[in-house]
Amino acid sequence: MLNNTGFDLWADGYDKSVGLSDENDRYPFAGYRAMMNALYQRVLAQSGHDVLDIGFGTGILTSRLYEQGCRIYGQDFSARMIELAQAKMPDARLYQGDFSKGLVPELCARQYDAIVATYSLHHLTDTQKIDFLRALLPLLNQDGCLFIGDVAFRTREELEACRTAAGEDWDSDEIYFVYGELRPHFPTLTFESFSHCTALLTLRK
């Protein structure tokens with residue numbers, strides 16, 4: 001059903017600033033489409049299809065998973081984002097909440113085959129990231145996976161090189177993932193690069 005050329009997650013258009021940044025191989029969205037397509041395929045390859053999306057935005061990724069029969073749960077900061085996403089996924093269970101303070105109780109009461117977070121967890125400090133990931137792991141079913149697609153780097157040196165190259169475009173309010181600093185806390189964490197600034201981090205239960 002899925003192959004490298006068949007399904008393009010953004011065939012019907014996507015945010016122009018993301019598109020231009022991706023096509024021009026620029027921070028922060030270089031590699032965005034390739035990473036999101038890989039994430040989509042990995043989630044569908046899971047044995048079950050209960051999916052929790054943390055910071056789902058307008059539901060670009062999860063609405064495609066929903067169309068493939070996944071049962072979608074989610075939490076987002078924005079009431080407007082929930083309204084837009086709910087229109088695309090009438091049966092999804094979506095909640096408003098600040099995930100820097102954790103998940104709403106309704107989402108903690110069940111388990112998931114996949115938990116996804118795309119371009120959302122960079123709002124957490126490095127310490128908050130570690131605590132949040134530790135809190136999410138028990139919510140995964142056996143062999144479930146946590147997928148994080150975001151601006152991310154293998155090393156602090158790579159992050160600093162990107163910061164220098166980006167100059168005034170660098171967003172100093174965002175705190176990006178550094179794989180080498182996270183891995184001691186999560187030894188099974190894997191890192192797959194899709195550009196000089198975009199990666200998919202995977203943590204299997």
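Q: Leaving aside neighbours within four places in sequence, which residues is lysine 88 in contact with?
A: In this predicted model, lysine 88 is found in helix α4, which spans residues 79–88. Once neighbours within four places in sequence are set aside, the residues in contact with lysine 88 are Thr58, Gly59, Ser63 and Tyr66.

Q: How far apart in space are lysine 88 and serine 63, C-alpha to C-alpha?
A: Serine 63 is among the contacts of lysine 88. The two residues are separated by 25 residues in sequence. In space, their C-alpha to C-alpha distance is 6.2 Å.

Q: Which residue has its backbone oxygen 3.0 Å from a polar atom of the lysine 88 side chain?
A: The contacts of lysine 88 include Thr58 and Gly59. A polar atom of the lysine 88 side chain lies 3.0 Å from a backbone oxygen, and that oxygen belongs to threonine 58.

Q: Is lysine 88 buried, partly exposed or exposed?
A: The relative accessibility of lysine 88 is 41%. Buried requires under 20% and exposed requires over 50%, so a value in between is classed as partly exposed. Lysine 88 therefore counts as partly exposed.

Q: Are cysteine 70 and cysteine 145 buried or exposed?
A: Cysteine 70 has a relative accessible area of 4%, and cysteine 145 has one of 0%. The limit for a buried residue is under 20%. Cysteine 70 and cysteine 145 are therefore buried.

Q: How many disulfides does a search of the whole structure find?
A: A disulfide would require a pair of cysteine sulfur atoms within 2.5 Å. Across the whole structure, the number of disulfides found is zero.

Q: Which element supplies the largest share of the largest nonpolar core?
A: The largest nonpolar core has 37 residues, and Leu65 and Ile72 have the most contacts inside it. Elements that each supply at least two residues of this core include α2 (32–45), α3 (60–67) and β5 (140–153). The largest share, seven residues, comes from α2.

Q: How many residues does the second, separate core have?
A: This second core is separate, and Leu121, Ile130, Tyr179 and Ala199 are included in it. Its residues number 30.

Q: What percentage of the residues of the chain count as buried?
A: The chain has eight helices and eight strands. Of the contacts with a separation of 6 or more, 65% join residues 24 or more positions apart. Among the 205 residues of the chain, the share that counts as buried is 50%.

Key
Residues are numbered from 1 along each chain as its sequence is written. This is a predicted model: local features need pLDDT of at least 70, side-chain atom pairs count only at pLDDT 80 or more; totals for chains, interfaces and linings use all residues. Side-chain values use heavy atoms; hydrogens and water are left out. Helices (H or I, at least four residues) and strands (E, at least two) are DSSP runs, numbered from the N terminus. Buried means under 20% relative accessible area, exposed over 50%, partly exposed in between (1.4 Å probe, protein chains only). Contact means heavy atoms within 4.5 Å. A polar contact is a pair of N or O atoms within 3.5 Å; within protein, one must be able to donate a hydrogen and the other to accept it, and residues adjacent in sequence count only if both atoms are side-chain atoms. A nonpolar core is a set of buried Ala, Val, Leu, Ile, Met, Phe, Trp, Tyr and Cys residues joined through side-chain atoms within 4.5 Å.
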